[in-house]
Amino acid sequence: LKKLENNKNSLQIELSKFLREEQILKTKVEQGRESLDNNSYMPAATYKVLNQPQLKTHGTVGEVVEIAEKYNTAIAVALGNLANNVIVDSEEEAKTAIDYLKQNNLGRVTFQPLKILKPKRIDIDIIEKVKSKQGFIDMAHQLVKCEEKYQVIVNNMLGNVLVVDNIDNANKIAAATYYRHKIVTLEGELINHGGAITGGIYRLTSALTLKKDLEKQIKNQEQTEDKIKEIENKLNEVDAQLQNEEKEERQIKETIMQLETRKENNHYEKDQTNEKITNVNNDIAKLEDKNYFDEAENKIMTQFYEAKKQLTSIEDNITQKQKEKDDLEALVNENEAEFKKQNKLFLSQNEKLKELEIEINRFDVQIENKINYLMENYKITFEYASNHYSLEDEVQVVEKRVNELKEKIAKIGPVNPNAITDFAQIDERYNFLTKQKEDLQNSAQNLQNIMQELDQVMKKEFMATFSKIQTNFQKVFKELFEGGEAFVTLTNPDDVLNSGIEIKAQPPGKQLTSIKLLSGGEKSLTAISLLFAILKTKKVYFCVFDEIEASLDEANVETFGTYIEKLKKETQFIIITHKKKTMEYVDLLYGMTMQEPGVSKLVSVRLSDLH
């Protein structure tokens with residue numbers, strides 16, 4: 001018991017320690033969640049902007065991205081203060097927010113307008129070069145998850161950042177890329193553009209670092225709670241063992257008390273036995289006295305003879321009573337036999353009476369049914385039939401004759417005097433409708449045959465065109481992207497005419513995936529590739545593009561313009577655009593101007609003369 005109590009005290013001390021630790025962790029987790037929910041970790045100016053209802057914002061960059069724990073430090077360092085930048089839709093909303101900061105003297109905030117941001121990228125040849133280097137993990141923007149509308153921000157901030165495992169490999173890769181790109185390690189060391197190296201303990205507070213700390217505290221809290229449960233289980237086991245030991249102790253004490261009680265009872269029984277021995281010795285002394293023994297013998301013999309006399313008298317009385325009993329039993333048996341005989345006869349007669357009553361009721365029902373049948377079928381009463389009709393033949397013969405006549409009447413049915421005329425009209429209409437039905441069936445079959453022929457022709461023409469487009473699409477895609485792969489496939493090849501079409505693209509340096517997972521610029525350039533593939537498959541003489549290249553960067557706009565140059569010999573293009581780079585490739589440029597207020601004027605420039 002002492003050993004178990006000591007063990008229990010040790011476990012309780014350890015439990016108290018972990019409970020205090022759990023309380024501290026709970027407080028830290030609540031504070032971390034409160035900081036994230038209330039944005040109290042942010043700079044005061046950023047906090048004010050986000051909590052101003054009239055300003056339309058999407059939160060900070062750190063709030064909209066999701067990062068695996070393994071890459072959290074690297075991405076947090078790569079973003080730095082950019083994690084606290086505020087996301088807005090356009091530059092107008094950023095201007096409104098800046099005016100609010102100025103008017104209220106709140107400080108400075110950096111805004112990221114979604115509409116005007118452009119993704120940053122590293123040349124494909126450099127990516128291919130560093131992929132083979134030891135320690136290279138991936139491009140930073142590939143390690144971040146976010147909603148599609150925020151992808152442009154991630155690509156803008158992290159599109160030109162490389163992630164490497166450690167500082168040694170980072171230095172090697174930086175040298176191989178001539179220190180032209182930012183490189184960050186998993187532990188947070190940063191090699192900046194130009195070669196400057198930043199390292200040490202990262203202490204900048206942002207949504208990313210707070211999320212990481214919160215996840216760590218939650219994990220520690222869960223481990224502490226598991227440890228508490230483990231200690232509580234051990235305490236329960238010790239308590240159970242203590243209860244068993246205490247129960248065994250109580251049983252031992254009860255056994256001792258029982259033994260002491262038995263000891264006292266044995267002493268009492270010993271005293272009683274000694275007293276009985278004394279009484280027996282006294283009786284033996286009396287018996288040894290002869291006179292005392294003779295008097296006792298005479299007294300006993302007198303009592304014996306008197307008892308024997310009484311026994312004889314009682315036996316005689318019993319014999320007489322037994323005879324009377326036998327006579328009465330014989331009389332009772334005789335009376336019971338007579339009663340049984342009479343009762344059996346009564347039951348037999350009563351049974352016959354019930355059978356006769358049932359028979360009478362059955363005949364009454366039959367008679368009533370016959371009378372009703374006579375009235376319903378012949379409209380006469382039983383008295384009238386008895387007085388006016390007589391039965392000359394046997395009943396069975398008459399019933400058979402009646403049934404035969406009823407069958408003949410039923411076969412004849414009701415008589416229709418216009419049956420011949422009605423048949424002629426119905427037969428004529430039947431023949432007419434039958435002919436109409438045959439004509440409709442023949443027409444339907446002809447239509448089905450035509451539709452099947454059309455389906456076959458459509459399938460053949462569609463598949464031929466689809467095959468050409470697929471071939472041209474692969475060529476155009478490689479030409480516009482300077483590499484990569486692209487395919488168009490049917491979602492349901494078994495039903496070509498009702499199938500959808502899925503576009504899969506693999507820009508250089510990326511995995512083959514659906515077009516839905518590409519960035520905005522990549523989607524646009526892929527769509528333009530497919531459009532050019534269709535134009536190459538079936539030439540058209542006139543085509544209008546309305547800001548088709550709006551989401552492309554300058555390099556891809558130049559690629560688009562160069563390809564248009566190749567196609568303009570066979571197709572005339574009208575392009576509506578705001579891209580200056582696109583305007584450089586057109587032959588004739590039209591624009592609207594307002595030299596005088598309220599008066600619009602068309603201006604044209606023939607650039608083909610300058611080319």
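Predicted model: local features only at pLDDT ≥ 70, side-chain atom pairs only at ≥ 80, totals over all residues.
Five strands make an open sheet, and the order across it is β4-β6-β7-β8-β9, with mixed pairing. The edges are β4, residues 136–139, and β9, residues 197–198, and each of those pairs on one side only. As a quick reminder, strands in a sheet pair through backbone hydrogen bonds, parallel or antiparallel.

β4 and β6 run antiparallel, joined by 3 bridges. If you want a landmark there, find Asp138, which sits opposite Val163 in β6.

Next pair along: which way do β6 and β7 run, parallel or antiparallel? They're parallel, with 4 bridges between residues 161–164 of β6 and residues 182–185 of β7. Here Val164 faces Thr185 in β7.

Ile183 has Ile191 in β8 as its bridge partner. The β7–β8 hairpin has 4 residues between the strands, and Gly188 in that hairpin has a positive phi, near 105 degrees.

How many disulfides does the count come to? It comes to 0. A disulfide, remember, is a covalent bond between the sulfur atoms of two cysteines. As for how accessible a couple of the cysteines are: Cys146 is partly exposed, at 23% relative accessible area. Cys543 comes out at 12% relative accessibility, so it counts as buried, the cut-off being under 20%.

Last stop, the second largest pocket. Its volume is about 880 Å³. There are 20 residues lining this pocket, and the ones closest to its centre are Tyr373, Leu374, Tyr378, Leu391 and Val398. Which elements give two or more residues to that lining? Three helices do: α10, spanning 290–378, then α11 at 382–388, and α12 at 395–412. And what's the lining made of, by class? You get 13 nonpolar residues, 5 charged and 2 polar.

So, to recap: a mixed, open sheet of 5 strands, a disulfide count of 0, and a second largest pocket with 13 nonpolar residues in its lining. Thanks, everyone.

Key: Residues numbered from 1 in each chain as written. Heavy atoms only, no water. 1 Å grid on protein atoms, 1.4 Å probe; cavity = no way out; pocket = protein on both sides within 12 Å on 5 of 7 lines; lining within 4 Å. Points joined across faces, edges and corners; volume = space filled by probe spheres on them. Nonpolar A, V, L, I, M, F, W, Y, C, P; charged D, E, K, R; others polar. Pairing = 2+ DSSP bridges. Disulfide = S-S within 2.5 Å. Buried < 20%, exposed > 50% of the residue type's maximum accessible area, 1.4 Å probe, protein only.
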